[in-house]
Amino acid sequence: MSSVAKIAIALALLAAAAVSAVHSGLVDVAATSPHWRVTAWILSTTMESSVRRRASAVRVPDDLDDLARVGRGASAYDEMCAACHAEPGGAAGVLAKGLLPEPPALADEAEEWSEAEQFWIVKNGVRMTGMPAFGPTHADDQLWDLVAFLRKLPSLSPAEYSSLVAGQVERHSHDHRHRQTPESREGD
């Protein structure tokens, strides 16, 4: 038997074993069971490489230091993100504890991603992580407000965070209207 035939047989047996494993129910899909190290590495490396590649085409606006933009982003973060990614000095909510992988505390890890990468993530979400895509429901400008805030988040104290969010509530300037989609109009 030729080596090509042996390789073909080995690949066919491997494929049959994979299909059998999928259909057997032996693979534990519970969010309470940690990934194998190799699985965690594959998922995180794939995600990081994919985000970096796709974000390379994103143009970052020049006004991310605008305080009004940062304030609107703080309000959006408080409403949409803090439950999973925590407030400065705080702990993530109950929902985050049940996700696998557990969402990162962005006050500690936001600086690991560029502005373009942060925008891409909040716009498109990340499969198999619980990170939703906000692009279908929010305008790009609203997502850039969130990115402007994320740039400031690592340096904010809990009191500064609360003050930023409270300032937005007092001014009622956070317009959190969601983009209408055909699905969201069906209930109107």
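# Legends for the close-up views

Tyr-161 counts as buried because its relative accessibility is 1%, and the cut-off for a buried residue is under 20%. The model in these views is a predicted one.

**Figure 1. The protein chain is built from ten helices and zero strands.** Read along the sequence, the pattern is α-α-α-α-α-α-α-α-α-α. The chain has 188 residues, and 30% of them are buried. Among the contacts with a separation of 6 or more, 69% are between residues 24 or more positions apart. The chain exposes about 12200 Å², and 59% of this area is supplied by carbon and sulfur atoms.

**Figure 2. Tyr-77, Phe-149 and Tyr-161 form one aromatic cluster.** How many aromatic pairs are there? The count comes to four aromatic pairs. In one of them, the ring centres of Tyr-77 and Phe-149 are 5.2 Å apart and the ring planes are at 45°, so the pair is tilted. Tyr-77 belongs to helix H3 and Phe-149 to helix H8, so this pair ties together parts that are 72 residues apart in sequence. Tyr-77 and Phe-149 are both buried. The rings of Tyr-77 and Tyr-161 have their centres 6.2 Å apart. Their planes are at 85°, so this pair is edge-to-face; the angle is over the 60 degrees required. This second pair links distant parts of the chain, with Tyr-77 in helix H3 and Tyr-161 in helix H9, 84 residues apart. Tyr-77, found in both pairs, counts as buried because its relative accessibility is 0%.

**Figure 3. The largest nonpolar core has 32 residues.** The residues with the most contacts inside this core are Tyr-77, Ile-121, Phe-149 and Leu-153. Which helices each supply at least two residues of the core? They are H2 (37-55), H3 (67-80), H6 (106-109), H7 (115-124), H8 (140-152) and H9 (158-171). H8 gives the largest share, seven residues. In soluble globular proteins, nonpolar side chains tend to be buried together. Leu-153 can be followed through its contacts: apart from neighbours within four places in sequence, Leu-153 is in contact with Tyr-77, Pro-88, Leu-106 and Ala-107.

**Figure 4. Trp-36, Val-38, Trp-41 and Ile-42 form a nonpolar patch on the surface.** Together, the four residues of the patch have about 520 Å² of accessible area. Where is Trp-36 placed? Trp-36 sits in the loop between helix H1 (3-24) and H2. Is Trp-36 buried or exposed? Trp-36 is exposed because its relative accessible area is 69%, and the cut-off for exposed is over 50%.

**Figure 5. Asp-65 and Lys-152 meet through their side chains in a salt bridge.** The whole structure holds ten salt bridges. In the bridge shown here, the N to O distance is 3.3 Å. The pair links distant parts of the chain: Asp-65 lies in the loop between H2 and H3, and Lys-152 lies in helix H8, 87 residues apart. Asp-65 counts as partly exposed because its relative accessibility is 47%. Lys-152 also counts as partly exposed, with a relative accessibility of 28%.

**Figure 6. Asp-145 forms a salt bridge with Arg-72.** The closest N and O atoms of the two residues are 2.9 Å apart. Asp-145 lies in helix H8 and Arg-72 in helix H3, so the pair ties together parts that are 73 residues apart in sequence. Asp-145 counts as buried, with 6% relative accessibility, whereas Arg-72 counts as partly exposed at 25%.

Figure 7. Glu-102 counts as partly exposed because its relative accessibility is 43%. Lys-97 is exposed, with a relative accessible area of 52%.

Terms used. Residues numbered from 1 in each chain as written. Predicted model: local features only at pLDDT ≥ 70, side-chain atom pairs only at ≥ 80, totals over all residues. Heavy atoms only, no water. Core = buried A, V, L, I, M, F, W, Y, C linked by side-chain atoms within 4.5 Å. Buried < 20%, exposed > 50% of the residue type's maximum accessible area, 1.4 Å probe, protein only. Helix = DSSP H or I, 4+ residues; strand = E, 2+ residues; numbered from the N terminus. Contact = heavy atoms within 4.5 Å. Patch = residues over 30% accessible without salt bridge, like charges linked within 9 Å, V, L, I, M, F, W, Y side chains within 5 Å. Areas by Shrake-Rupley, 256 points an atom, 1.4 Å probe, with all protein chains shown as cover. Phe/Tyr/Trp six-rings, centres within 6.5 Å; stacked < 30°, edge-to-face > 60°.
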